[in-house]
Amino acid sequence: MKLLKHALHALTLALTVCAIAAHAQSTDFTLDITGNISHPTDAATHTYRFTRQDLLALPAKTIRTSSNWTPVSVWRGPTLKSLLEKAGAQGKSMRVDALDHYSHVIPVSDADQYGVIVAYERDGKPLEDKGFGPLMLIYPRDALPDDANRKVIDSRFVWQTYRIEIQ
């Protein structure tokens, strides 16, 4: 009986640790901008690192749109343009990397041309790591139906974004 109590206590402790780790993972994240930038926050790695708090402190924009994977939703986050400007991005393209190992190269000009945001919320709720989060590039696809509904634009909706390399 004593062994069973110890086993249950150990299991409870393990589940608590897992729950804390999962919560920390979904609320504490970073976005790194690397490559051809002029304002790195970490000179050793030549990276501009945005913490969750940094991103939440920036002015946010909302985009109401659907994607191939979601119905019409309200997405919220800072503009990609503002993040690139803070990092001093100087390039023609950027490779956006996702936690699920997806990577896509997109023109830097998309940030201004389409008003792309780096969303951290969907319909007022934080994006979850096991879903589209913690960050997702969002284009105003439904507002630009003739241009933005192309498959090329759809592939630029990068979810689980954690790094952008300016090329």
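**Close-up 1. Surroundings of M94 in the predicted model.** Leaving aside its neighbours within four places in sequence, M94 is in contact with L80, L84, H104, V105, I106, P107, V108, I164, E165, I166 and Q167, and these contacts are taken from a model that is predicted.

**Close-up 2. The largest nonpolar core.** The largest nonpolar core has 38 residues, and those that touch the most other members are I33, L80 and M94. At least two residues of this core come from each of β1 (30-35), β2 (47-51), α3 (80-87), β5 (93-98), β7 (117-119), β10 (136-138) and β11 (161-166), while the largest share, four residues, is supplied by α3. In soluble globular proteins, nonpolar side chains tend to be buried together.

**Close-up 3. T65 in strand β3.** T65 has its place in strand β3, which covers residues 61-65, and T65 counts as buried because its relative accessible area is 0%, under the 20% limit. The side chain of T65 reaches the backbone nitrogen of D142 at 2.9 Å. Not counting residues up to four places away in sequence, T65 touches P71, V72, S73, W75, I138, Y139, P140, R141 and D142.

**Close-up 4. The open sheet that includes β3.** Four strands form an open sheet in the order β3-β4-β8-β9, and their pairing is antiparallel. The edge strands, β3 and β9 (125-126), each pair on one side only. Strand β8 (residues 121-122) runs antiparallel to β9 and is joined to β9 by two bridges, and R122 has K125 in β9 as its bridge partner. Strands of a sheet pair through backbone hydrogen bonds, either parallel or antiparallel.

Note on methods: Residues are numbered from 1 along each chain as its sequence is written. This is a predicted model: local features need pLDDT of at least 70, side-chain atom pairs count only at pLDDT 80 or more; totals for chains, interfaces and linings use all residues. Side-chain values use heavy atoms; hydrogens and water are left out. A nonpolar core is a set of buried Ala, Val, Leu, Ile, Met, Phe, Trp, Tyr and Cys residues joined through side-chain atoms within 4.5 Å. Buried means under 20% relative accessible area, exposed over 50%, partly exposed in between (1.4 Å probe, protein chains only). Contact means heavy atoms within 4.5 Å. A polar contact is a pair of N or O atoms within 3.5 Å; within protein, one must be able to donate a hydrogen and the other to accept it, and residues adjacent in sequence count only if both atoms are side-chain atoms. Two strands pair if DSSP finds at least two bridges between them.
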